[in-house]
Structures are given as C-alpha cells and as structure tokens.
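Thanks for making the time this morning. I would like to go through one model with you, slowly, and keep to what was computed from its coordinates.

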Amino acid sequence: MKNNVAELQVAALQNGTVIDHIPTDKLFTIVSLLGLKNSDLNITIGNNLPSKKLGKKGIIKVADRFFSDEEISRLSVVAPNVQLNIIRDYEVVEKKQVIMPDVVKGIVKCGNPKCITNNEPMATIFHVIDKENGVLKCHYCEKEQNKETLKLQ
Amino acid sequence: MENRSLVTIAEHSKEKILYLLEMAKEFEKKPNRKILDGKVVATLFFEPSTRTRLSFETAANRLGARVIGFTDPKATSSSKGETLKDTIIMVSNYADIIVMRHYLEGAARYASEVTGTPIVNAGDGSNQHPSQTMLDLYSIYKTQGTLENLNIYMVGDLKYGRTVHSLLMAMRHFNPTFHFIAPEELKMPEEYKLYCREHGIKYVEHTEFDEDVIAEADILYMTRVQRERFTDLMEYERVKDVYILRNEMLKKSRPNLRILHPLPRVNEIAYDVDENPKAYYFQQAQNGLYARQAILCDVLGITLDDVIENGK
C-alpha cells in the first residue's frame with residue numbers, strides 16, 4: 001500500500017526529475033549539492049520510504065527542473081547509485097544513472113589540513129583513482145581519501 | 001604557453017631523468033658559465049631552509065643569473081594575509097623563474113597553475129622535494145656508473161621521510177632491489193610497498209641493522225630517527241641507538257658501497273664514518289649544486305645541447 005502511495009506521488013509529477021534510491025543519510029546532502037535549498041520550485045522530499053534495494057531510501061521530486069550531466073556527476077561522490085527519472089507529460093521518458101567522473105572539481109574538501117586548498121580561497125580538484133570504491137586523490141597535496149571520510153567543500 | 005615547472009619528479013620519464021643527469025654532469029665539468037646572464041631567479045622561502053636555499057642561489061649565481069627573494073615569510077605580505085596566488089603573480093612580474101619552498105602541501109602545484117613563469121618546487125610540506133631526488137639520483141649514478149639493478153638500503157625513518165619516498169618512486173624505472181631497515185613504528189608505509197608491488201620492484205624489510213644486513217648494499221641511504229615521531233617514547237628509547245651507522249659496521253660491505261644522507265645529520269652516522277672513503281654525504285650535497293643548475297636551465301627551456309655549446 002505504502003509503495004503505491006510513493007509511486008502515485010512520482011507519477012503525479014507532470015514535468016521534472018525524480019531522484020530515487022538515495023541512501024537515507026545522504027538525502028539532505030544531495031538537496032544541498034543540487035542547490036535546492038533556496039529554490040522556489042515545487043519540490044517534494046521523502047525519506048525512510050521502503051526500498052527493495054536499500055531497505056529504506058530517500059526520494060526527491062523536483063517539478064520543471066532537469067539536471068545537466070555535470071550536476072548529476074556531482075552526486076556520484078556522495079551517492080554513486082542514485083537513479084534519476086526524467087518525467088515529461090507524466091511519463092518517465094529517460095532513466096539516468098550517476099556516472100563517476102574522472103575529475104571532481106570544487107565539491108569535496110581535502111581531508112589534509114596542511115593542504116593548500118584548505119588555506120587559500122580556491123576550488124579543490126580530485127582525481128578519481130578507484131571508481132568502484134570511491135577513492136579520490138587530491139590534485140594538490142596528492143593525499144588519497146575515500147568515500148567514507150569525505151567532507152564537502 | 002607550455003608550463004615547464006618542476007613540481008614533482010613523478011612526472012619525469014626515465015629518458016627525462018637521464019637527460020637531466022647528463023646535463024648535471026656537464027655542469028660538474030664546468031660549474032661557472034653565464035648561460036642565465038640577464039635572468040632573474042626569485043627564491044621564495046615561505047618556510048626557512050638554509051641548505052636548500054643556498055644551494056639554489058649558488059646554482060643561479062654560478063649561471064650568471066641575479067637572485068631576488070625572501071628567506072623569512074614574517075617579513076613579507078603573506079604575514080599580512082596576502083594569498084599565495086597574489087604573491088606569486090606579483091613576483092612573476094619581476095622574475096624569470098620562481099624557486100619556492102612552502103610549508104603547505106600542494107603549494108607549488110597551485111603556484112604553477114596561477115602563473116606562466118616556471119615554478120621550481122623546493123619542498124612543499126611533507127609532499128614533494130624533487131631537486132633533492134635529482135641530486136640523490138645524480139649521486140647514485142655518479143658513484144655506481146649506472147642507476148640500473150642496484151641494491152638500495154634505506155635506513156631510519158621510512159614512515160615520514162619524504163626523501164626516501166620520492167627516491168623510491170623515481171627509481172621505479174631502473175629495476176632496483178630495496179631493503180627497508182626501520183623500527184616498527186617508522187616502517188615504510190603500506191602505500192609505498194603497494195607501489196613497489198604494482199611496479200614489480202623487489203623489496204625486503206628488516207628491523208635489525210648490523211654489518212651482515214648491509215653487506216650486499218650498493219647504496220646505504222641513511223635518515224634521522226627523530227624523537228618527536230614516536231607515539232611510544234619507550235619504543236624510542238629502545239631503538240634510538242640501533243639505527244646508528246658506525247665505521248666498524250662497514251667491514252663486510254661492498255667496495256662500491258656509498259653512504260648517502262640528505263643532511264642535516266645529528267647522530268645517526270657516527271663521526272668515525274666521515275673518514276671512510278665510502279662516506280659520500282658531503283659530496284652528495286655538492287652534487288645538489290649541479291643537479292639544481294640543470295633544473296634551472298631545463299625549466300627555462302635551455303637544452304643539453306645549449307649547455308654543451310655554451311661550455312665550449
């Protein structure tokens with residue numbers, strides 16, 4: 001029954017994007033990564049909904065908003081398995097998986113306090129050296145960091 | 001514009017390393033030449049390092065360049081809150097090369113991205129120090145006649161020692177066998193052992209340090225075991241006298257063995273070793289001059305042929 005409700009709400013979107021299969025602890029990080037905090041669009045955010053894959057999941061519905069590949073690749077750092085459904089005229093016209101880019105710019109904060117990026121007004125750059133395990137290497141101080149310890153800039 | 005900066009040795013191919021060593025050899029034959037006449041070299045030391053600075057400034061002076069710079073960041077605008085970017089762009093207006101030492105990791109990389117003036121990294125925190133690696137390679141090459149197939153023994157602080165990590169990575173082209181001799185707390189970190197395995201580099205680990213362990217060494221690379229590196233001071237007390245090289249330990253060593261040390265030394269090489277012809281650490285420091293002359297020319301696009309031509 002609950003599932004039906006969730007699906008019904010998804011289907012109720014006329015045009016826009018549904019971001020699905022979000023790990024519950026990453027939901028609000030994704031809201032802020034996509035800059036939805038100060039948006040005046042029609043947004044529905046659901047959390048702790050039942051999920052076959054994750055047990056519980058978060059979901060975000062944004063009306064009349066379609067994300068660029070660059071915006072989507074940002075999510076890969078925190079939630080690589082998120083799925084995006086593109087809705088047009090009540091129909092899912094496209095499903096997009098998040099793809100881990102080779103280079104992550106200006107999203108992640110370097111964990112090394114002695115890194116230049118934590119001491120200058122500048123954007124970070126990371127090279128993705130292990131896509132499966134989410135291992136990043138700082139372009140500047142060359143220290144590696146993994147998904148579990150990542151902080152956002 | 002092509003950026004010829006030297007930020008890390010890891011970017012240099014085997015051919016490029018050998019090429020720079022050949023150039024260093026030319027400078028050793030004749031260190032004084034005016035090939036950088038009319039050029040200005042800036043030495044920006046955001047962290048004091050007298051030895052490295054003197055070496056670079058001597059290299060620049062012997063090539064006929066003028067040197068500007070600072071040795072104490074307290075006297076500069078960075079102490080007033082100026083960003084590194086602004087300092088570098090400002091100095092770029094004056095100098096043809098910027099040699100910089102900084103306490104923050106990645107500072108040299110960033111500097112090389114905000115200016116077209118070539119940057120030479122003279123040490124960025126605990127990250128990279130490529131000119132030290134070049135002089136280590138030159139010292140090995142000069143004393144052994146080759147860089148190929150050598151037994152290189154690294155002794156002391158292998159955990160925090162930036163010089164041993166850079167040397168290890170630069171040697172990957174030359175099929176070395178490494179022996180890592182260190183106390184438990186200061187062992188070679190797993191990431192560098194993984195690096196060795198990925199690149200097919202043979203290595204053996206030891207905790208004991210005596211004449212039998214080092215008998216097969218071609219190069220003995222000593223580093224300082226510092227008290228402040230230990231979390232367990234009991235452990236420090238146990239090991240502090242273990243990793244000291246004494247002259248009598250060299251009895252069984254190979255005739256071609258040479259002892260290297262990045263300096264400054266405190267007590268990890270006993271003074272009676274200095275008289276041994278296998279002691280090479282002071283010449284090693286002198287080689288730094290030639291290696292740095294080669295680096296300064298290379299970042300300006302001056303080729304080996306130019307250097308040979310100039311020496312005639």
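Predicted model: local features only at pLDDT ≥ 70, side-chain atom pairs only at ≥ 80, totals over all residues.

Starting with chain A, the secondary structure comes to 3 helices and 11 strands, and if you follow the elements from the N terminus on, they run α-β-α-β-β-α-β-β-β-β-β-β-β-β. The C-alpha trace of this chain spans about 50 × 30 × 25 Å along its principal axes, and of its 153 residues, 25% count as buried. As for how the chain contacts itself, if we take the contacts between residues at least 6 apart in sequence, then 61% of them join residues at least 24 apart.

Now to the sheet. In which order do the strands of the open sheet of 4 strands in chain A lie? The order is β6-β8-β9-β10, and the pairing is antiparallel. At the edges we find β6, residues 103-105, and β10, residues 144-146, each of which pairs on one side only, while the twist from one strand to the next averages 35°. Looking inside this sheet, strand β8 of chain A, which covers residues 125-130, pairs with strand β9 of chain A, residues 135-138, in the antiparallel sense and over 4 bridges.

Turning to the contact between the chains, 14 residues of chain A are in contact with 11 residues of chain B. On the side of chain A that touches chain B, the residues divide into 7 nonpolar, 4 polar and 3 charged.

Two packed helices are described by the angle between their axes and the distance between the axes. Here helix α1 of chain B, residues 14-29, packs with helix α5 of chain B, residues 130-144, at an angle of about 75° and with the axes 10 Å apart. Since angles of 65 to 115 degrees count as roughly perpendicular, α1(B) and α5(B) are therefore roughly perpendicular to each other. The contact is made from α1(B) by I17(B), L20(B), L21(B) and A24(B), and from α5(B) by M134(B), L137(B), Y138(B) and Y141(B). By class, this contact of α1(B) with α5(B) has 8 nonpolar residues, with no polar and no charged ones.

Terms used: Residues numbered from 1 in each chain as written. Chains lettered and ligands numbered in written order. Pairing = 2+ DSSP bridges. Helix = DSSP H or I, 4+ residues; strand = E, 2+ residues; numbered from the N terminus. Axes fitted to C-alpha atoms, helices over the stretch in contact; angles between N-to-C directions. Contact = placed C-beta atoms within 7 Å. Nonpolar A, V, L, I, M, F, W, Y, C, P; charged D, E, K, R; others polar. Parallel < 35°, antiparallel > 145°, perpendicular 65-115°, else oblique. Buried ≥ 20, exposed ≤ 12 C-beta atoms within 10 Å, placed from the backbone.
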